[in-house]
Amino acid sequence: MVVPRPVIGVTSYGWDARGRLFVPGDYLTAVRLAGGIPVVLVADGPPPEEIAARVDGVVLVGGGDVDPIHYSADPHPTVTGVDAARDAFELALVRLAIERRIPVLGICRGAQVMNVALGGDLVQHIPDRYGHGVSHAPPDGSGPRAVHAVTLVPGSKLHRIYGSDRIPVRSRHHQAVGRPAPGLAVAATADDGVVEAVEWTDPTHPFAIGVQWHPEDGIAHDALQQRLFAALVEAAGRSGA
């Protein structure tokens with residue numbers, strides 16, 4: 001008997017001025033390599049409730065900043081790329097994924113969305129709080145992602161997935177989790193103290209992890225980072241069985 005592959009909803013950056021939908025292909029490749037079926041989600045498509053009823057797991061991808069209105073803050077001058085429709089869609093999707101125990105992986109912006117959706121807030125501009133000791137983005141903002149190390153919290157699910165105390169990661173961001181939401185625990189930090197990962201602590205939930213780095217970057221050649229997508233798809237397979 002052939003076991004159906006889990007269907008993983010992957011959010012997108014939305015439509016550009018020419019009506020083209022954009023989502024970096026590495027996200028889709030990572031899900032496919034892990035044994036899942038990636039399906040691209042759009043904010044102006046089916047409502048979150050219908051999505052939650054049809055997918056076995058969710059990946060929240062990177063992108064612009066979350067509107068600070070969602071965590072009762074005034075916007076920092078560097079806030080950019082706010083998309084009200086995308087915010088509303090993804091915040092609702094996270095809450096449904098937690099409520100209905102749907103495996104969810106947040107990446108970069110996606111980790112921030114998870115934290116805000118569940119009641120936490122964000123550091124709107126990392127240098128203001130943490131300085132420039134660790135490069136979290138390329139100097140010109142458009143080059144290859146910055147490479148640095150993160151330390152994983154012993155005993156965390158993320159630590160078990162990677163099987164290491166410390167791993168190299170690639171990132172491009174100027175915001176990060178500030179106050180973790182109730183129920184979310186810090187699972188990794190950078191050397192400057194920036195929160196690099198959070199995970200949902202309810203043991204009855206199969207998988208809910210947000211990472212600030214980009215595990216999908218160059219995924220076809222990165223067996224270490226592929227472990228994270230494999231863990232997501234495995235949890236989605238169990239939940240959808």
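This is a predicted model: local features need pLDDT of at least 70, side-chain atom pairs count only at pLDDT 80 or more; totals for chains, interfaces and linings use all residues.
**Figure 1. Overview of the protein chain, with its 7 helices and 13 strands.** Taken along the principal axes, the C-alpha atoms of the chain fill a box of roughly 55 × 40 × 35 Å. The radius of gyration of the chain is 17 Å, which agrees with the value near 18 Å that a compact globule of 241 residues would have. Among contacts between residues at least 6 apart in sequence, 70% join residues that are at least 24 apart.

**Figure 2. Strand β6 (residues 104-107), covered on both of its faces.** In a regular strand the side chains alternate between the two faces of the sheet. In β6, Val104 and Gly106 lie on one side while Leu105 and Ile107 lie on the other, and all four of these residues are buried. Strand β5 (residues 57-60) pairs with β6 in the parallel sense over 3 bridges, and within this pairing Leu60 stands opposite Gly106.

Figure 3. Gly119 is partly exposed, with a relative accessible area of 38%. Leaving aside neighbours within four places in sequence, Gly119 is in contact with Arg179, Ala181 and Pro182. The C-alpha atom of Gly119 is separated by 9.1 Å from that of His70, a residue 49 places away along the chain.

**Figure 4. The aromatic pair of Tyr13 and Phe22, with Arg86 over the ring of Tyr13.** The count of aromatic pairs comes to 2. In the pair shown here, the rings of Tyr13 and Phe22 have their centres 5.0 Å apart and their planes at 70°, so the arrangement is edge-to-face, given that planes over 60 degrees apart count as such. Tyr13 is partly exposed, with a relative accessible area of 29%, and Phe22 is likewise counted as partly exposed, at 44% relative accessibility. The charged end of Arg86 sits over the ring of Tyr13, at 5.3 Å from the centre of that ring.

**Figure 5. His136, a buried residue in a loop.** The loop that holds His136 runs between α5 (126-130) and β8 (146-152). His136 has a relative accessible area of 5% and is therefore buried, the cut-off being under 20%. Not counting residues up to four places away in sequence, His136 touches several residues, including Ile126, Ala146, His148 and Ser171, as well as Arg172 and His173. Among the other residues that His136 touches are Ala190, Asp192, Val194 and Glu196.

Notes
Residues are numbered from 1 along each chain as its sequence is written. Side-chain values use heavy atoms; hydrogens and water are left out. Buried means under 20% relative accessible area, exposed over 50%, partly exposed in between (1.4 Å probe, protein chains only). Contact means heavy atoms within 4.5 Å. Helices (H or I, at least four residues) and strands (E, at least two) are DSSP runs, numbered from the N terminus. Two strands pair if DSSP finds at least two bridges between them. Rings of Phe, Tyr and Trp (its six-membered ring) pair if their centres lie within 6.5 Å; planes under 30 degrees apart count as stacked, over 60 as edge-to-face and the rest as tilted. A charge sits over a ring if NZ of Lys or CZ of Arg is within 6 Å of the ring centre and within 35 degrees of the ring normal. The radius of gyration is taken over C-alpha atoms; the globule rule is 2.2 Å times the number of residues to the power 0.38.
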